[in-house]
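Reader: I would like to go through this model term by term. Please set each value against its definition.

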2 protein chains.
Amino acid sequence: MTMTSTTTIPAAPAVPIRGALRPLGQTEVRITGGFWGRRQRVNGSATLSHIEARLESEGWLPNFDLAAAGTLPEGRRGREFSDSEVYKYLEALAWEIGRTDDPALEQRFRAIVARVAAAQEPDGYLDTMFGRPGQDARWTNLEWGHELYCLGHLFQAAVARERTRPGAGDGLIDVARRAADLVCDVFGPGGIESICGHAEVEVGLAELARLAGEGRYLEQARLFVERHGAGTLAEHEWGRSYYQDDVPVRDAEALRGHAVRANYLAAAAVDVAVDAGDDELLDALRRQWARTIARRTYITGGQGSHHQDEAFGDDWELPPDRAYSETCASIGSIMFTWRLFLADGEARYADLIERSLYNVVETSPSAEGTSFYYANTLHERVPGTPADPDATSPRAASSLRAPWFEVSCCPPNVARTFASLDSYVAAATDDGIRLLQYAPSEVRTVVGGGTPVELDVETRYPEDGLVRVTVHADAEFTLGLRVPGWASGALLRVRSADGVSERSVDPGFAEVRRSFAEGDVVELELPVAPRISVPDSRIDAVRGCVAIERGPEVLALESVDLAPAGLDDVARVVLDASVAPVERDGRVWVRVGVLPADESAWPYGQATDASSSETFDVPLVAYHDWAERGPSTMRVFLPVM
Amino acid sequence: MTMTSTTTIPAAPAVPIRGALRPLGQTEVRITGGFWGRRQRVNGSATLSHIEARLESEGWLPNFDLAAAGTLPEGRRGREFSDSEVYKYLEALAWEIGRTDDPALEQRFRAIVARVAAAQEPDGYLDTMFGRPGQDARWTNLEWGHELYCLGHLFQAAVARERTRPGAGDGLIDVARRAADLVCDVFGPGGIESICGHAEVEVGLAELARLAGEGRYLEQARLFVERHGAGTLAEHEWGRSYYQDDVPVRDAEALRGHAVRANYLAAAAVDVAVDAGDDELLDALRRQWARTIARRTYITGGQGSHHQDEAFGDDWELPPDRAYSETCASIGSIMFTWRLFLADGEARYADLIERSLYNVVETSPSAEGTSFYYANTLHERVPGTPADPDATSPRAASSLRAPWFEVSCCPPNVARTFASLDSYVAAATDDGIRLLQYAPSEVRTVVGGGTPVELDVETRYPEDGLVRVTVHADAEFTLGLRVPGWASGALLRVRSADGVSERSVDPGFAEVRRSFAEGDVVELELPVAPRISVPDSRIDAVRGCVAIERGPEVLALESVDLAPAGLDDVARVVLDASVAPVERDGRVWVRVGVLPADESAWPYGQATDASSSETFDVPLVAYHDWAERGPSTMRVFLPVM
């Protein structure tokens with residue numbers, strides 16, 4: 001790991017004090033359009049408004065007013081973690097204001113901060129669910145109370161605000177620091193030697209430490225991380241692995257238990273390992289990431305195989321139909337993976353982030369941005385009933401997107417991720433820039449202690465595989481472009497006054513080091529043609545099946561596309577894998593057959609012969625777009641004929 | 001359906017007022033040895049003692065003493081349904097006393113009944129969890145309170161006792177009737193128009209109605225059955241289908257929701273349909289049974305694909321690794337199926353009962369009878385840790401049998417099933433006898449209004465396929481022997497003074513009608529040689545796999561049997577299906593290969609080629625015997641090479 005000096009604090013979601021790469025903030029990198037630009041526009045308007053309306057109507061924001069008025073617990077609404085949704089929304093607003101400078105959002109932000117600040121107790125305590133007469137006492141239910149979890153999100157919101165609008169004077173950072181000081185007093189050395197049942201305060205404290213230059217916060221984050229595995233939380237039917245209190249972080253082999261908790265904790269552990277220089281811990285986390293990706297992750301990047309405990313399954317336990325693949329788990333996975341990427345700079349981390357963004361985080365919200373998947377199944381056998389737009393849905397019951405959930409962690413988590421997406425597009429090395437995610441975008445920064453880097457990226461990716469980078473300043477630096485792991489046969493082209501040079505490049509970072517001149521162009525051509533992906537034979541639940549992918553997008557077969565063939569269900573459709581998928585009319589088509597219906601009274605007997613089935617072509621849909629055309633059955637993994 | 005006259009009330013678990021078949025009680029049919037005789041002996045000694053010790057030490061029996069002393073709620077232990085475990089234990093004792101006439105058991109039975117009776121309120125109410133100062137009021141939590149559920153088990157216990165020891169004077173039947181009268185008062189016409197969140201009171205009331213000749217109880221059972229689907233219970237995250245309150249029973253297409261609840265309700269609905277002559281309802285239940293067996297049942301007969309809500313999944317959703325397949329669900333399935341069998345007399349019902357008995361109910365208890373599976377997975381990837389024999393386990397966490405559970409419905413449910421197993425062995429038609437389950441056994445009854453039937457059955461089934469029935473009275477009747485659905489190529493042989501005749505017989509009932517003479521022998525030869533069973537292609541989770549069965553037993557590959565081949569896990573083992581399974585040294589052997597280990601960083605890419613794998617032979621184990629030799633990984637469905 002090399003030291004990277006930072007001149008200013010970037011307006012970015014994670015800013016480690018050292019690492020192979022330096023993150024770029026909103027002033028240095030900006031998405032200007034394309035696939036992600038569209039999502040950011042929808043997110044910044046429809047999604048944010050939708051969330052705020054729900055936070056009001058569900059009573060989760062008014063809870064703070066009741067706290068300030070001293071009338072709680074009467075009238076409090078929502079679960080024990082509802083405060084956190086307000087904080088995640090504030091974080092989303094902070095990034096969006098940083099991105100757009102929208103005065104209306106700024107006004108909304110300040111109004112909410114004032115309501116939150118008014119609810120804080122004189123000693124810094126802030127939670128609408130605990131500590132008042134008629135409520136459970138503070139810190140008495142660490143397993144399920146979520147007090148520290150909520151504060152972690154408060155800290156992340158305050159950090160986002162302070163990085164994007166330093167010294168804005170709205171008071172959020174003061175609220176956060178008062179709460180953080182209290183947490184250190186109560187849970188520091190000599191205090192309660194335990195942890196929160198849902199990791200999150202750790203990553204919030206680590207980031208707040210970086211922002212405030214306050215070593216005590218980092219030390220508290222470290223204490224919380226290290227206390228996991230000491231068994232200070234109560235035993236539970238699902239095991240202490242549920243809240244990662246089964247094994248010390250540095251001794252674990254893979255992520256396990258509740259998938260959001262596991263990823264948030266792992267992200268914080270990277271922060272602690274990097275900032276405290278704990279290479280043993282960092283190595284342990286690298287191994288856990290690798291094992292988790294190799295054996296416990298869906299092709300979409302999704303994580304979590306159990307509905308019951310929203311948890312990782314065992315190695316290879318990846319059922320597509322019961323995939324929980326919670327939206328928030330992938331957001332947590334991006335947090336964890338991004339921190340390892342900044343530490344190590346390896347392309348595989350950015351590969352996973354791309355996969356998770358396109359196939360989980362983008363899948364959750366509807367095109368309109370006002371309904372969401374909480375869980376992201378990879379196989380739907382029964383078409384869902386559209387959710388009532390005025391209702392609040394159970395968290396994972398629907399096979400269609402729902403406007404809001406009783407446990408509504410995902411919508412504001414999606415919103416804060418998209419509002420801060422610019423920072424994931426590029427990062428700086430000591431002597432150059434690496435482009436990580438491909439979107440029409442601008443990069444304006446200085447690297448290596450004085451070299452200006454000004455890049456414009458044009459692309460229609462992922463629709464098209466061509467990425468064109470135009471250099472806008474005379475400077476010598478290294479431009480690295482990520483070649484995803486799936487992109488065998490990629491080409492790199494440099495167009496300059498010297499002419500055009502082209503070479504094939506392997507997955508990883510394709511680098512061009514030269515004295516660039518204004519107007520030089522570097523082009524990457526990624527082979528986004530559809531491809532067939534075969535799962536490891538140990539993923540028992542999809543044996544005999546393949547998935548079709550195109551560029552970074554996982555594709556799916558949706559029953560709505562079978563209607564022209566006279567079918568209303570994906571159930572008996574099998575892929576003729578001898579015919580390669582083709583692109584036609586802007587869609588990917590595959591050749592399929594249909595297994596004969598076998599209405600045996602007992603389903604375990606002789607094999608059905610599908611060899612005589614007639615075949616025909618059907619179009620696939622990007623997985624992130626499924627269920628946009630009404631109730632449908634769907635499958636990502638297609639049985640091979 | 002034909003009327004069958006009954007002269008005496010048989011000492012049997014279900015006695016409908018009409019039907020194609022008349023059940024035989026303990027005085028008419030008796031298992032004398034063999035596979036099920038061994039299990040009954042273990043059940044009657046070790047299992048019953050174990051359960052009673054736990055009911056005492058967990059406080060579930062002492063709760064009744066506290067109730068009688070008027071000191072509740074202080075000191076009450078156990079969940080809201082703990083009373084029911086005492087009642088199921090009483091039912092098991094009643095059957096066992098009927099079977100063995102053991103005076104020590106009789107003494108224990110009376111002692112417990114006295115403690116239960118002392119806890120009953122003057123108006124008949126009986127529940128240690130509700131209704132006293134400091135407890136929730138009676139009937140205020142129908143969704144989760146389990147009050148009526150507990151009483152249903154009380155009724156079944158009282159019925160078992162009164163059928164096996166009519167007029168014994170221990171008082172249990174009076175306790176039950178007082179409680180049943182109260183239930184009719186409270187929930188009858190003009191009363192609370194709702195249901196219990198866990199069906200069971202219905203089947204208890206229907207049986208009590210038959211025993212007591214009390215039409216009011218049958219009518220109350222009917223009301224409870226018919227109220228399901230009216231949505232009188234609260235909505236729930238898992239949907240009202242969880243407690244079958246989503247759709248009226250007569251309108252449902254298949255069993256759904258919580259698998260125990262679903263089966264108990266369906267069993268009661270058959271009782272109501274038969275006794276009330278509601279053929280439309282009975283037809284609906286036949287259809288639901290057929291659909292459930294064809295699409296929602298494991299090869300073991302197990303039911304329930306979800307851990308979260310212990311529920312059926314959608315059609316074809318049958319993951320082997322996340323099979324919940326609760327022991328109690330199969331006991332409920334046997335209750336439902338047995339009632340359809342008595343109504344219709346079709347062999348397919350007895351086929352399923354055999355499958356469920358051998359592969360779920362027998363799988364639950366250890367050979368010693370003192371530890372149990374609550375859930376019965378068909379694929380274990382991670383060897384379990386032996387449960388602490390002194391501890392109480394969470395209900396479904398362990399991959400090894402556990403001595404007791406916080407929710408310990410299964411052990412006493414297993415005990416009452418085995419103690420009453422004799423009645424499932426044979427049943428009477430108007431003019432003869434049908435043998436249903438093959439065990440060394442004696443049948444002594446009278447059919448057709450005066451024809452004596454005396455049979456001795458000798459067999460080593462399922463080890464061996466030969467069943468020999470010797471007739472011990474001169475009489476003309478029809479002897480039907482069940483030929484299981486899997487038994488193609490079965491032979492039926494009659495040995496009499498006339499000589500020996502033999503014919504091949506198809507699945508169903510093979511019948512011999514003749515004037516039997518003392519000493520005549522009827523022999524059935526069932527082909528129990530191992531066979532390969534291919535799952536329907538719509539059971540996605542086991543695509544490309546097959547199961548090996550032998551007679552009524554499902555077999556499994558257990559890692560402990562791979563040790564001689566230098567393997568410690570079933571994970572990469574694949575079956576060479578071109579080599580037929582063979583029997584050698586009393587075990588079934590299959591030819592297998594091992595997939596190469598592929599340690600790719602990302603598990604979705606190219607296929608692994610297993611064609612060059614060396615093959616070798618490994619023995620399988622009866623699924624019901626798995627994990628008897630210590631921690632192991634295991635799979636029922638073997639991937640085909």
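Reader: Which residue stands opposite A:L466 in strand 13 of chain A?

Author: A:L466 stands opposite A:E525 in strand 13 of chain A. A strand here is a DSSP run of E with at least two residues, a helix a run of H or I with at least four, both numbered from the N terminus. The model is predicted, so local features need pLDDT of at least 70 and side-chain atom pairs count only at pLDDT 80 or more, while totals for chains, interfaces and linings use all residues. Residues are numbered from 1 along each chain as its sequence is written, and chains are lettered from A and ligands numbered from 1 in the order in which they are written.

Reader: What makes strand 8 and strand 13 of chain A a pair?

Author: Two strands pair if DSSP finds at least two bridges between them. Strand 8 and strand 13 (residues 521–525) of chain A have five bridges, in the antiparallel sense. Five bridges also join strand 7 (residues 451–459) of chain A to strand 8 of chain A, again antiparallel. There A:T459 stands opposite A:V467, and strand 7 and strand 8 of chain A form a hairpin with six residues between them.

Reader: Which residues make up the covered face of strand 8 of chain A?

Author: The covered face of strand 8 (residues 466–471) holds A:V467, A:V469 and A:V471, and the uncovered one A:L466, A:R468 and A:T470.

Reader: How many of the residues in chain A are called buried, and by what rule?

Author: Buried residues are 59% of the 641 in chain A. A residue is buried if 20 or more other C-beta atoms lie within 10 Å of its own, exposed if 12 or fewer, and partly exposed in between, with C-beta atoms placed from the backbone.

Reader: Why does the radius of gyration of chain A agree with a compact globule?

Author: The radius is taken over C-alpha atoms, and the globule rule is 2.2 Å times the number of residues to the power 0.38. For 641 residues a compact globule would have a value near 26 Å, and chain A has 25 Å, therefore the two agree.

Reader: What makes domain 1 and domain 2 of chain A touch?

Author: Two residues are in contact if their C-beta atoms, placed from the backbone, lie within 7 Å. On that count, 12 residues of domain 1 are in contact with 15 residues of domain 2 of chain A. Helix 7 (201–212) and helix 8 (215–227) of chain A each supply at least two residues of the domain 1 side, and helix 8 gives the most, with four. The bounds, 58–227 for domain 1 and 237–363 for domain 2, come from an automatic or database domain assignment.

Reader: Which parts of the two chains meet?

Author: The contact takes 49 residues from chain A and 49 residues from chain B. Helix 10 of chain A gives the most to the chain A side, with four residues. Strand 20 of chain A is joined by two bridges to strand 14 (residues 531–535) of chain B, and the strands run antiparallel. In that pairing, the bridge partner of A:Y604 is B:P535.
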